[in-house]
Amino acid sequence: MSSKHKVKIGRNDPCPCGSGLKYKKCCMNNRSVSSVNIKDKYMQKYKIMLKTEKDVEGIRQAGRLALETLKLVEERIQPGITTDEINTIVHEFTVKNGAIPAPLNYNGFPKSVCTSVNEVICHGIPGDRVLKDGDIINVDVTPILNGYFADVNKTFFVGTPTKDAKKIVAVARESLRRGISMVKPGNRVGDIGWAISRYAEGEGCSVVKEFVGHGVGLEFHEPPQIPHYGRRGHGIELVPGMVFTIEPMINIGGAALRILEDHWTAVTLDGSLSAQFEQTILVTENGYEILTPFDPDE
């Protein structure tokens with residue numbers, strides 16, 4: 001682990017190998033000991049599970065399946081399709097590939113995917129809503145493959161987009177890019193949200209604060225939370241092995257929202273359009289790796 005990380009064994013601390021010597025006189029240059037200590041400290045202090053190489057490969061494979069699922073959905077999105085038909089596509093493809101759709105029955109969620117149309121910010125429940133020309137729809141996919149979770153979503157145009165649809169989707173895309181660009185060891189969680197809100201609000205849009213990114217990989221939702229607003233230089237320090245989502249929800253109108261009677265669907269209070277893009281990110285030794293790699297411009 002790089003010496004710039006503040007969460008580390010002190011030079012004069014007892015060496016964790018149990019030799020009885022001071023760390024500087026024993027295993028200070030043994031990277032594996034330092035890494036284990038960082039992992040233990042992040043679990044004890046923050047409940048953050050730093051991922052092993054095996055974990056990362058498992059999440060990466062789940063991410064590939066998630067992207068294949070989104071691609072299949074994108075090919076089918078057109079005016080006239082219902083959100084429940086999208087759910088069927090996601091469910092059947094996920095199961096066919098030996099995985100489990102994580103949203104299904106999660107805290108009572110009744111479907112295998114979230115489909116959020118137009119004014120729906122997130123957690124839209126698939127049903128009989130028919131997509132129309134000019135709509136936008138966010139499709140949020142999370143498969144569990146061999147025990148590993150990967151979480152990704154994209155907002156798609158249905159038919160010919162309106163001017164407002166083009167704007168909010170573009171701002172949401174760029175917001176994700178800005179957030180990801182802040183991921184590297186030594187930066188902090190607040191840097192991510194700072195970059196997102198500074199950009200989105202500068203474009204005249206608003207950032208939803210009630211819903212945040214989150215750790216992911218061994219469970220659907222793990223610590224830490226990743227707000228899409230924040231103060232630069234504040235929050236938990238990023239270290240290699242952290243895996244989390246960045247998933248800014250951006251409204252073209254106000255940030256206020258309400259939850260519908262289904263207790264899941266979040267919609268903009270003023271009825272304005274909302275868009276979102278999400279990727280699962282690994283903090284590496286030198287920066288980041290996207291474990292659900294898609295080009296937001298696609």
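How many bridges join strand β4 (residues 136–141) to β7? Let me start there, keeping in mind that this is a predicted model.

1. The β4–β7 pair. The answer is 6 bridges, and the two strands run antiparallel.

2. β4 and β7 belong to an open sheet of 3 strands in the order β2-β4-β7, with antiparallel pairing. Its edge strands are β2 (114–117) and β7 (152–157), each pairing on one side only. From one strand to the next, the twist averages 20°.

3. Helices on the sheet. Helix α2 (residues 53–76) packs on the sheet and touches β4 and β7, its direction making about 15° with that of β7. α4 also packs there, touching β4 and β7, but its direction makes about 160° with that of β7.

4. α4 against α5. The axes of helix α4 (residues 163–180) and helix α5 (residues 189–202) come within 8 Å and cross at roughly 150°. Because angles over 145 degrees count as roughly antiparallel, α4 is roughly antiparallel to α5. The crossing is right-handed. Among the residues that meet are Ala170, Val171 and Glu174 in α4, and Ile192, Ala195 and Tyr199 in α5. The residues of this contact divide into 7 nonpolar, 2 polar and 2 charged.

5. Strand β11. In β11 (residues 243–246), Val243 and Thr245 point one way and Phe244 and Ile246 the other, and all are buried. β11 pairs with strand β16 (residues 279–283) in the antiparallel sense over 4 bridges, and threonine 245 has threonine 280 of β16 as its bridge partner.

Definitions and conventions:
Residues are numbered from 1 along each chain as its sequence is written. This is a predicted model: local features need pLDDT of at least 70, side-chain atom pairs count only at pLDDT 80 or more; totals for chains, interfaces and linings use all residues. Side-chain values use heavy atoms; hydrogens and water are left out. Buried means under 20% relative accessible area, exposed over 50%, partly exposed in between (1.4 Å probe, protein chains only). Two strands pair if DSSP finds at least two bridges between them. Axes are lines fitted to C-alpha atoms, for helices over the stretch in contact, and angles run from 0 to 180 degrees between N-to-C directions. Angles under 35 degrees count as roughly parallel, over 145 as roughly antiparallel, 65 to 115 as roughly perpendicular and the rest as oblique. A crossing is left-handed if the near helix is turned anticlockwise from the far one by less than a right angle, and right-handed if clockwise. Contact means heavy atoms within 4.5 Å. Ala, Val, Leu, Ile, Met, Phe, Trp, Tyr, Cys and Pro count as nonpolar, Asp, Glu, Lys and Arg as charged, and the others, Gly among them, as polar.
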